[in-house]
Every structure is written in C-alpha cells, then in structure tokens.
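Hi,

Here is the structure I promised to pass on.

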Amino acid sequence: MPEFRNDPTLPVPLFPGSHMVLDDRYVFLSGLTAVDIQGGETVLGDIEGETHLVLRRIRRMLASVGCGMEQVVRVDVHITNLEDIRRMDAVYAEFFETPRYPARTCTQSPRLFGGARVEITVMARRPADDERGD
C-alpha cells in the first residue's frame with residue numbers, strides 16, 4: 001500500500017497532492033521549485049542558484065526515507081528558458097556520480113509557480129530492506 005507524506009519542513013502543498021509517495025520499491029517526489037522552499041525567494045531569477053537549492057532539498061528529502069541521489073532513476077526538469085539548460089546542467093551534474101546519471105527529460109515550461117525558473121521531479125528506487133537497515 002502506498003504511503004503518502006508531506007515534508008514537515010515545506011509548506012503544505014497548495015495543490016491536491018503529496019510531497020512524497022512511497023511504495024515498496026520506489027519514492028516519487030512531486031515537482032519542487034525554489035518558491036516551495038523557505039528562503040528560496042533569495043535565489044529566484046538565478047538558474048544555478050535555484051537548481052542548487054532544489055537539488056539539495058531533494059537530496060535531503062530522499063535521505064529522510066533512506067535513499068540517496070545514487071538511487072535516483074528518473075528526473076523531470078522543467079525550465080522556463082531552454083537557453084539556460086547548460087547552466088542548469090552544470091549544477092545538476094554535481095549531484096550525480098559520473099557516468100551514472102538517471103534517465104531525464106528536460107522541457108521548456110514558460111511559466112512555473114511563483115516565478116521560479118526551474119522545477120524538478122524525481123523518482124528513486126528504494127534500497128532493499130537489508131540495505132536500508134529497516
């Protein structure tokens with residue numbers, strides 16, 4: 001049975017959804033922007049700063065359920081301007097071990113919530129119980 005969770009350090013979602021859904025094998029994280037993170041407004045408008053803030057929070061959220069970035073298998077990235085993709089990629093690559101990058105889609109989305117420039121959604125494979133220490 002899936003488990004539906006909200007991160008206690010993030011505001012309750014304004015949409016009818018959960019921050020995280022866990023099942024026996026996977027963790028699904030809803031799209032996250034800098035606007036969703038307290039203090040994130042300080043980096044709005046800076047694609048590198050927003051990407052770094054969002055991926056740090058994603059890493060922390062995954063750690064709270066016994067996963068690391070090495071378990072991420074799929075990422076969806078939405079940016080407001082595809083001309084920023086190389087700048088976003090430079091930060092994104094710091095969070096994954098070369099060449100073990102997850103499958104990814106990156107699309108241009110002209111309007112993201114709250115004026116954010118990047119939104120990132122993640123799916124991670126949960127380690128087996130004996131690997132998690134459950």
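**What I found**

Going along the sequence, the protein chain runs β-β-β-α-β-α-β-β-α. That makes three helices and six strands, counted as DSSP runs from the N terminus (helices are H or I with at least four residues, strands are E with at least two).

Keep in mind that this is a predicted model, where local features need pLDDT of at least 70 and side-chain atom pairs 80 or more, while totals for chains, interfaces and linings use all residues. Residues are numbered from 1 along each chain as its sequence is written, and side-chain values use heavy atoms, without hydrogens or water.

On overall shape, the C-alpha trace of the protein chain spans about 45 × 35 × 20 Å along its principal axes. Of the 134 residues, 40% count as buried, meaning under 20% relative accessible area with a 1.4 Å probe, protein chains only. Taking contacts (heavy atoms within 4.5 Å) between residues at least 6 apart in sequence, 69% join residues at least 24 apart.

Now the largest pocket: its volume is about 300 Å³. Of its 16 lining residues, Pro 13, Leu 14, Phe 15, Asp 36 and Phe 113 are the closest to the centre. (A pocket is an open set of points on a 1 Å grid over the protein atoms alone where a 1.4 Å probe fits, with protein on both sides within 12 Å along at least five of seven lines; lining residues have an atom within 4 Å of a point. The volume is the space filled by probe spheres set on the points, which are joined across faces, edges and corners.) Strand 3 (residues 26–32) gives the largest share of the lining, three residues.

Cheers

Note on methods. Buried means under 20% relative accessible area, exposed over 50%, partly exposed in between (1.4 Å probe, protein chains only).
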